[in-house]
Amino acid sequence: MATLFDIPPKRDPKLLFGRERDLTDLVKYLHEKRWTVLLGPRRVGKTSLAKCAIEKSGLDSIILDARENTDFASNLLSSLTRQSTFKLEANVSAPTISPLISVGASFSKQVLKQSLDSLLNGRTKRTVILLDEAQWFSNRRTLIMLLAHLYDYHYETITPIITGSAVGVMKSIIEPNNQSPLFGRPIMQMEVNKWNPSVSMGFLNEGLKQQKLSLDTELIVKTVDTLDGLPGWLTMFGYYLTAKPSDYENALNKTLGEALKIVDDETSNIGKLAKGWQIHLKILNNLSLGSKSFTNLLEATNLTNSGLSKHLDMLQRLNYIEKKEDGRYDITDPILRELIKRRIKKT
Ligand SMILES: Nc1ncnc2c1ncn2[C@@H]1O[C@H](COP(=O)(O)OP(=O)(O)OP(=O)(O)O)[C@@H](O)[C@H]1O
Ligand SMILES: [Mg+2]
C-alpha cells in the first residue's frame, strides 16, 4: 500500500499532505491553460505537487527532468516521439530528429520548430509538460525560444509546469526582459513553502497512524525542531522509523546522516558553479550560528551595503536563505545549517 512515508515524489493526490490549497490552485491553472512556475527550496515537494496536480487534472503529461537529461530539445522531441498518440508525419522518421538537433544555430532552430509542429499539430487532447528543475537545462536560449514557440503556436494543446529551486537561474523564464522571446507572455508563479511546525507534526502523526505506530509528542516536537518543515527530510525520517519503530534515535541519526551527505554533495556542486561562492560561504558561516539582521551581517562580513545586498539576494534566489517576518536572515534548511557548523568545527 502506498503511504505518506514513501520516498519517491508523490503522484497520488490522496498522499499529498498539507497542500490542499496549492493543489486546488494548480489544477485550476491547468484547466485554465495557464503556464505555471513552481518555486521553492530543495525537497519542499515541488515535483510531488506538480505530479499530483497533473493526476488530478486528468490531462495527459510528459515529464522532463533536467537533472536526467540537460538537453531540453532532444528530451522533449524524443518524449513526444515515444508517445504513441504523437505520430510523426509519414515522411519524417524519429531517428532523423536527433542528428538535426545538434546542427548549429538558426537552421537547427527552424528544424526544431518544424519537428515540434509536426509532432503537435493535429493533437486535440491537451498535454501538460513538466519541466522539472528547469534551471539545469543547459542551452537556455534554445529552451526559451522553444517555450516561446509553444506559447505562440501550441497554447491550446500544451501547458507547461516549470519547477525550480534556484530562482536566480530561472530569472530568464520568470522575469524575461524585452529582448527575450518570452517577453509579454504571462506565466503564473507559485511558491511552495516549508510547512509550519503544526503541519509538520500533523504529517508525522498521520504517517505514523498509517503505519499503525505512534510517537510521544515530545519526540515529534524534537523531530520537527531538528528537521524543520521540509517534507523531504520528514518523509525520510518516517521511512527509517517505520523500518525500526523501537529505535527513535537511530531513525533521526540515519536521516541526519543521509541528509548531510546529500546537502554536502549538492553544495560542493553549486560551489563550483555559483559566482561569488566564497563570499556566500562567509555569509552562510555567520548565519549558521543563528539568524542575523542586515546590520549584523555588514559588521561580520566587511562588505559594502550594496555588496551585501547583492549576495543576500543571490542566496535568497538560490533558496539557501530566507528573510523572516522580523526582517532577519536565516538559513532555509536546518541540514545546511548543521553541515556548515560541522565544517567550521573541522577548520
Ligand atoms: N505534500 C507532501 N506530502 C507527502 N509527501 C511529500 C509531500 N511533499 C513532498 N513529499 C515527499 O518529500 C520528498 C521530496 O519531495 P519532492 O521530490 O516532491 O520535492 P522537490 O521539491 O521536488 O525536491 P527536489 O528539490 O529534490 O526536486 C519525497 O520523498 C516526497 O515523497
Ligand atoms: Mg523535484
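1. Strand β3 (residues 127-132) pairs with strand β4 (residues 158-164) in the parallel sense, over five bridges. Val 128 has Thr 159 of β4 as its bridge partner. Strands here are DSSP runs of E, at least two residues long, and helices are runs of H or I, at least four, numbered from the N terminus. Two strands pair if DSSP finds at least two bridges between them.

2. This is a predicted model: local features need pLDDT of at least 70, side-chain atom pairs count only at pLDDT 80 or more, and totals for chains, interfaces and linings use all residues. Residues are numbered from 1 along each chain as its sequence is written, with chains lettered from A and ligands numbered from 1 in the order written.

3. The open sheet has five strands, ordered β2-β3-β4-β1-β5, with parallel pairing. β2 (60-65) and β5 (188-191) are the edge strands; each has a single partner strand, so one side of each lacks a neighbour in the sheet.

4. Around ligand 1 there are 24 residues; Gly 45, Thr 47, Ser 48, Pro 231 and Gly 232 come nearest. Near means a C-beta atom, placed from the backbone, within 6 Å. Elements giving two or more residues to this shell are α2 (46-57) and α10 (231-243). By class, the shell around ligand 1 holds nine nonpolar, eight polar and seven charged residues.

5. The chain is divided into domain 1 (19-191) and domain 2 (274-347), with bounds from an automatic or database domain assignment. Six residues from domain 1 and six residues from domain 2 make the contact, that is, C-beta atoms, placed from the backbone, within 7 Å.

How values were computed
Ala, Val, Leu, Ile, Met, Phe, Trp, Tyr, Cys and Pro count as nonpolar, Asp, Glu, Lys and Arg as charged, and the others, Gly among them, as polar. Two residues are in contact if their C-beta atoms, placed from the backbone, lie within 7 Å.
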